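The sequence and structure are shown first.

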Amino acid sequence: MATGRPIDHVVLAVRDLDQTAAVYERLGFTLTPRAAHEDRMGTSNRIAQFRGRNFIELLEVDRPDLLQRHAFDAPQPFFSFGDHNRLATQTRDGLSLLVFQTDDTRADLSRFAAAGLQTFAPFDFERQAQLPDGTTATVSFSLGFVRSPHMPRVGFFVCENRAQHLFWKPEFQQHANGADVISSVHLASSEPERDAAFIAAMFDGACTTISGGMSVACGPGQDVRVLTPHAIAEIDPTYEPPLSAEPILAGLSVRTSASRPTISSAEGCGMFIAWETAQTE
């Protein structure tokens, strides 16, 4: 019986990567050096990676005139990573994409299509990464996107990391705040059952009713919590729902070595972080 797929990372799309990185470093996160994606993506990032093998990607659209646009109605529909984040940052800094681990992007796209989900052409790319010793290396990825018509502001994809030995580095996984792994992603929705069902359909993750909404299992010890806006506001009093009332990704739960206060979305550049100690796992 399937229990869902582990979370690979989330994308925090912001209008000023340098400013956001400074905030996250003050919050106790160690970040990788700034790296540029290909011009057809039009983006650059810095990453907070965790020992639990997932990460937060801080992302800026810094070359909007070069990026490839969405082509949803093309003979082979195309979902643009860069265009999604360009559109997202027109209205707010905040979480834009939820990403799951995969060893085979193309097999997962076939799985999604068989489940009746809207899929797109696979996207393969490379970028240069600066390693802890100051040298650079080429890292490469294959992405497979899926989209819910009810959640246009939320992107979902699987990420096949084809150079894991170059990507995951212990030196980048030591954080002053004790952050160890993303344990939950929180999605604000006025219809939790509908949107949880979409997420569950990707990988047969078990759905459970919880206070304020639904939980979708994402592998051992991880879940997506699809909660009403009211329930999200109880976690993060600074949460501001979109005027459109469309679902959005609102925040994370991150496992840490010591209890500490929640970082509000106002403090976290559009994303709240609720801390969970290892003992609660």
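## Burial and model

A residue is called buried when its relative accessible area is under 20%. The model is predicted. By this cut-off, Phe29 and Phe50 are both buried.

## Ring pairs of Phe29

The aromatic pairs number 19. One of them joins Phe29 and Phe50, a tilted pair with 6.4 Å centre to centre and 55° between the planes. Phe29 belongs to the loop between α1 (17-26) and β2 (35-36), and Phe50 to the loop between β3 (43-49) and β4 (55-61), so this pair ties together parts 21 residues apart in sequence.

Phe29 also pairs with Trp275: the ring centres are 6.1 Å apart and the planes lie at 20°, so the pair is stacked. Trp275 is in strand β15 (residues 272-277) while Phe29 is in the loop between α1 and β2, so the parts tied together here are 246 residues apart in sequence. Trp275 is buried, as is Phe29.

The ring of Trp275 has the charged end of Arg260 over it, 5.5 Å from the ring centre.

Elsewhere, Phe55, Phe78, Phe123, Phe125, Phe141, Phe167 and Trp168 are linked by ring pairs into a cluster.

Arg53 is placed in the loop between β3 and β4. Its relative accessibility is 41%, so Arg53 counts as partly exposed.

Apart from neighbours within four places in sequence, Arg53 contacts Ile7, Asp8, Gln101, Gln164 and Trp168.

Conventions
Residues are numbered from 1 along each chain as its sequence is written. This is a predicted model: local features need pLDDT of at least 70, side-chain atom pairs count only at pLDDT 80 or more; totals for chains, interfaces and linings use all residues. Side-chain values use heavy atoms; hydrogens and water are left out. Rings of Phe, Tyr and Trp (its six-membered ring) pair if their centres lie within 6.5 Å; planes under 30 degrees apart count as stacked, over 60 as edge-to-face and the rest as tilted. Helices (H or I, at least four residues) and strands (E, at least two) are DSSP runs, numbered from the N terminus. Buried means under 20% relative accessible area, exposed over 50%, partly exposed in between (1.4 Å probe, protein chains only). A charge sits over a ring if NZ of Lys or CZ of Arg is within 6 Å of the ring centre and within 35 degrees of the ring normal. Contact means heavy atoms within 4.5 Å.
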